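Subject: The two-chain model

Hi,

Here is the structure I promised to pass on. Please open it alongside this email, and I'll go through what turned up.

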Amino acid sequence: MSSIAVPARTTSPWRRLLGFNLFTGILGGIIGFLIGELIGNAIHAKSLNYYSITAGQNDIEILLGYFFGVVGFLGGLGFLNYPIRRLMGHPPTLVEHESEGEGWWRYITLCTDHKVVGIQYLVGIAVFFFVGGLNAMLIRTELLQPNVHVFGANQYLTLVGLHGSMMMGMMTSGVLGPLANYLVPLMIGTRRMAFPRIESFTFWLLMAAGVVLITTIFLGGFQTGWTGYAPLSDQGTAGYDAYIGFFALVGTSMTLLGFNLLVTIITMRAPGMTWSRLPIFVWSVLATAALMMLAAPMLVATLLMAAMDRTSQTAFFIAGNGGSSYLYQNLFWFFGHPEVYIVALPGFGIVLELLPVFARKPLWGYRIAVAGMLGVGILSFFVWQHHLFVSGINADLRPFYMLSTELISLPTGFIFLCAMGTIWQGRLRLTVPMWFCLAWAFNFLWGGISGVFLSSVPSDVTTHGTFFSMAHFHYTIMGGLIFSIFGAIYFWGPKITGYRFNETLARWHFWTLFIAFNSTFGPLFALGFMGMPRRVVTYPTSMQFLNDWVSISAFCIGLSMLIFLWNAVQSWLIVREPAEPNPWGSRSAEWLTTSPPPIYDFERFPVFDSDPYPYGVGPAGEPVVASGD
Amino acid sequence: MTGREHFRRVLWISIALAVPATLLVVLLLAPNMPPGDHTVQAGHQMDDTTILLGLSTPIAIIVLTWFIYSIIVFRERDHSSVLEGPADRGAANYQIAWIATTATIVLFLAVFGSVSMLQDGSGGGQGPSPIAKPDPPAGQAPLQIQVIAQQWQFTYRFPSYRGVETQHLELPANRLIEFHVTSLDVIHSWWAQQLGVKADANPGFDNVAYVQTKSPFKFDIRCVELCGVWHGYMFDTGTVVSDSDFTSWIAQEEQTYAPILKSLPPYSTTYFPDPQRRGG
């Protein structure tokens, strides 16, 4: 791995256009889709749909279209080149499209530079995040009035499903995709990921998945929400095939992403980067990656079964033919509950990573923070049946699932303890990233407390399936993950782009988001208790005031996001004021190199002799500084 | 000020805020929380909610006081300051105390929830072989009622009244009711809010939930599991009425639906209305 200088390519733009890139990928995708349709049409059978709502609908054709389309897309991007080259006896290589001379072309190709993939992820996921957010605005528009007035019931449910799937599917990789891919190699002192081609593969697969999901609006949408319960799924129009394709691809992407990060963190740490010196963010990535690798395959398998039920007339989930609707619920939540911790854990990592920098203190209780993350990770596999407390499934096990679910508040409490200990007697610099971390604590506190109401069977019977549970998971996921992601973007943005954010706009973004978020989701707790179920398009007129309040607050969240977008565009593309090399005075390894880092990351491999938190002064006021290199 | 003094101040502020707040929440808010005290099961759900509110209020106040105090007191006012905090990396005694406290609370909640659930089922669906069977009032067998969910309506069958199937629901007061919830098509969930009953309706599956009614009142019924396009329209109201009103109502219903009773399938815990077109 000593070959650093990759000579700049001198191919002309026209030659590049014909090479392997996004454009040839799209072309390959279209060709593949048509081939799949052709094969699917050939095996068209009569009455493939059990409930046959749509006469003549051929799910085989659509699913094969997606499959071959994705293969064509990835082939067009050049993912098949390397395996073929190796098969033909060429020597192994590590690098694809890694020379700086290629400029922005790297960003639309198979690029093995972890920093390019990180930025690809950041932009790609942001696009889907804003589309998903727009769906939420539309949902709230419909709920301005107690009766249907903008969309029909069908479009409404499709919007609900699109919002849920897009947020849960795409944002699962919301931290591990952009931030972990970008930062973990810098933090542990390596120049690349363990499997750089797989790293790029996970990104392009995720983008293909997003496009597959969006095609659902041309196929009748899907009425199942993001959980896609069977046997309702069996009735679905072809739009549900898009849901299957989407989540199966997302699951594959997640599995590989987790596997890649896990191997990287375990095997590629620089000298001196012992387990007890690993930045806490990397620990959270490690725990999340393990969850991803173990939970996501379950999702893929489940959706393949659902696809077979819809196409080849199996009956995995059809009661009366030997199947069971509980099988789907069990399999889905066996993935689905670790999934929500996949979403939450990286947020813990970001917050605990940022707090020491702004409190100017070492991380308080490093070991217990690690224990908290691993504890959450392990326990998350033993709680999934709390989603089924009223479903009628084996009631004997309910006390166990009640206990295991409530036990998760122990390791989550560790994270709070470490956060509280870290800011205690610090010299708090209340910058925008710091405010986002503090807001994380506020939001996640309510998210966690409301979670206990859902974990105890008697009160769960009151709150299950209502807006209360919806408010709960928005407080943990949006109030937890999204707030910590924004904190991370403001913190590491100057590192990634080399440009400074507009501080005033950033503060406006934070305060509007914080107020609008709480104003949106706080009243939902009350609405849930008042008896408003999730995913309904109508509600009693007595609930209109609160619903209108929530809707208007939700629009304010949208406006707040526009402030962020404007700030990003202005700071990164228009003003481009260079940031200081280390604007926050962080002592972590990623700030040892320039911003943005050069292609080879480090001039020399760093050697670590302490953890990344050598902040603070001793009792006599003497500085306790240990250098990272 | 030393850390110990700061700590004491946070402690006293938390206590000063938490005591009145908890009292207010437990004494004023909790008794007015849904689902209300109309049935035994709903009452037990409220007990659980009260306990949870009573425990979470002080916890939330302590944590929030800690954060807000830190933000105000430990804030660095000088932006160009290079001062650092103490190089404090943790203290075992605080960590142990935290773990012990949270573990105690969690174990208490799990035990309380389990005992409460095993006592009477808490009104949740318990599947075909329920583990918590509340004792009926002396001299009365529980009233069996089957809730049949289909897209997009709930209907009710009364096996002890010749299997009559009604469109709406009335229940006798002071009676133990044994609901058998099932579905004809997809997963629904039967939620009678003020009754305190929530049970999923799965096709081909008998989900049993118990409720012990008290005095007459009206309750709302909604479907809480997404079941297709008109899920949002799957709602109704029901009533708990006196014993004599119930007897006359059910007699009336039997009479009204007598002509179609012949064409209904015989009463069963599950039904499979669709032709079975799979598995070869």
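Below are notes on each chain, on the contact between the chains, and on a few single residues.

First, some housekeeping. This is a predicted model, so please keep in mind that local features need pLDDT of at least 70 and side-chain atom pairs count only at pLDDT 80 or more, while totals for chains, interfaces and linings use all residues. Residues are numbered from 1 along each chain as its sequence is written, and chains are lettered from A and ligands numbered from 1 in the order in which they are written.

Chain A overall

Chain A has 20 helices and zero strands; helices (H or I, at least four residues) and strands (E, at least two) are DSSP runs, numbered from the N terminus. Its radius of gyration is 25 Å, which agrees with the value near 25 Å for a compact globule of 629 residues. That radius is taken over C-alpha atoms, and the globule rule is 2.2 Å times the number of residues to the power 0.38. Along the principal axes, the C-alpha atoms of chain A fill a box of roughly 75 × 60 × 45 Å.

Of the 629 residues in chain A, 62% count as buried. A residue is buried if 20 or more other C-beta atoms lie within 10 Å of its own, exposed if 12 or fewer, and partly exposed in between, with C-beta atoms placed from the backbone. If we take the contacts in chain A between residues at least 6 apart in sequence, 81% join residues at least 24 apart. Two residues are in contact if their C-beta atoms, placed from the backbone, lie within 7 Å.

The domains of chain A

The domain assignment of chain A gives domain 1 (28–88) and domain 2 (111–591); such bounds come from an automatic or database domain assignment. The contact takes 18 residues from domain 1 of chain A and 18 residues from domain 2 of chain A. On the domain 1 side, helix 3 (residues 59–77) of chain A gives the most, with nine residues. The residues on that side of domain 1 divide into 14 nonpolar, three polar and one charged. Here Ala, Val, Leu, Ile, Met, Phe, Trp, Tyr, Cys and Pro count as nonpolar, Asp, Glu, Lys and Arg as charged, and the others, Gly among them, as polar.

Two residues of chain A

Gly220(A) sits in the loop between helix 8 (196–214) and helix 9 (232–235) of chain A. Gly220(A) is partly exposed, because 19 other C-beta atoms lie within 10 Å. Leaving aside neighbours within four places in sequence, Gly220(A) is in contact with Thr237(A), Ala238(A) and Gly239(A).

Ala579(A) is in the segment after helix 20 (544–575) of chain A. Ala579(A) also counts as partly exposed, with 17 C-beta neighbours inside 10 Å. Beyond four places in sequence, the contacts of Ala579(A) include Pro494(A), Tyr499(A) and Ser595(A).

Where the chains meet

In all, 86 residues of chain A are in contact with 78 residues of chain B. On the chain A side, helix 15 (residues 409–423) brings the largest share, eight residues. By class, that side has 49 nonpolar, 29 polar and eight charged residues.

Chain B

Chain B has five helices and 10 strands. Chain B is more spread out than a compact globule, because its radius of gyration is 26 Å, well over the 19 Å that the globule rule gives for 280 residues. The C-alpha atoms of chain B fill a box of roughly 85 × 50 × 30 Å along the principal axes. Buried residues make up 35% of the 280 residues in chain B.

Five strands of chain B form an open sheet in the order 3-2-1-5-8, with mixed pairing; two strands pair if DSSP finds at least two bridges between them. Strand 3 (164–166) and strand 8 (207–212) of chain B stand at the edges with a single partner strand each, so one side of each is left without a neighbour in the sheet.

Inside the sheet, strand 1 (residues 143–150) and strand 5 (residues 176–183) of chain B pair in the parallel sense over seven bridges. Strand 1 of chain B pairs with strand 2 (residues 153–158) of chain B in the antiparallel sense over five bridges, and a hairpin joins these strands through two residues. Ala149(B) stands opposite Ser183(B) in strand 5 of chain B, while its bridge partner in strand 2 of chain B is Phe154(B).

Best wishes
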